[in-house]
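Keep your viewer open as you read.

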Amino acid sequence: MQENATYKSALQNKNQFIQAGHLRMDLLLQKFVTHFDDVYGDRKQQFVGEDGRRYFLLYLKPILNGSGNYYIETRTRNLERTDVIIDYQGEQFVIEIKIWRGNAYHTRGEKQLTEYLNHYHLDKGYMLSFDFNQKKTIGVKEIRLGDKILIEAVCSFLNDKNSQNHATTKINKTMQQQK
């Protein structure tokens, strides 16, 4: 049922993501983060590493429908594997998907993404992180690393350890918005 909602949400928003024949990946990630938080953010269920990619690809599928492709774990020449590469009307987008496991792990992910961008001769890449500890703010931000631009999208996912913390955070957000 939730997966159907994810597909439908992307399909309803599809026209926003394509402008003058170009895929607006930044906006797509913003909308995905919002949708993910609305639908999955406060659910108590087991989440494994592949789930994040599955949810994202389910959202992406109706947007690319017939005009683009995505590739999973594509190998580079030095035999590294990228998480997702999207080809849309001649443009490529490299997306690294991570589960938040602390700053050191995250920094390695940014470095890894930067290396993929060098390999594919791209200046901009995307990192989609799933956070379980509620210490990161959900949303999308731009980071500059050297001559590269990384767009980092952070989704939160509730698990049993942080269910009370997440509920309090959502209540506080709602109260601040009402002021």
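At 52% relative accessibility, D123 counts as exposed (exposed means over 50% relative accessible area, buried under 20%, partly exposed in between, with a 1.4 Å probe and protein chains only). Its salt-bridge partner is K148, at 3.7 Å from N to O; the term stands for a side-chain nitrogen of Lys or Arg within 4 Å of a carboxyl oxygen of Asp or Glu. K148 lies in strand 8 and D123 in the loop between helix 4 and strand 6, so this pair links parts 25 residues apart in sequence. K148 has a relative accessibility of 5% and therefore counts as buried. Helices (H or I, at least four residues) and strands (E, at least two) are DSSP runs, numbered from the N terminus.

A word on the source: this is a predicted model, where local features need pLDDT of at least 70 and side-chain atom pairs count only at pLDDT 80 or more, while totals for chains, interfaces and linings use all residues. Residues are numbered from 1 along each chain as its sequence is written, and side-chain values use heavy atoms, leaving out hydrogens and water.

The structure holds six salt bridges. Another of them joins D26 and K124, whose closest N and O atoms are 3.2 Å apart. Since D26 sits in helix 2 and K124 in strand 6, the pair ties together parts 98 residues apart in sequence. D26 is partly exposed at 24%, and K124 is partly exposed at 31%. K111 and E115 also pair up, with 2.6 Å between their closest N and O atoms. These two are four residues apart in helix 4 (residues 103-120), so about one helical turn separates them.

Now for the inside. A nonpolar core is a set of buried Ala, Val, Leu, Ile, Met, Phe, Trp, Tyr and Cys residues joined through side-chain atoms within 4.5 Å. The largest one has 32 residues, of which L23 and I86 touch the most other members. Helix 2 gives this core its largest share, nine residues. Buried residues of helix 2 include M25, L28, F32, V33 and F36.

Finally, look at I86: leaving aside residues up to four places away in sequence, its contacts include L23, M25, L60 and F93, where contact means heavy atoms within 4.5 Å.
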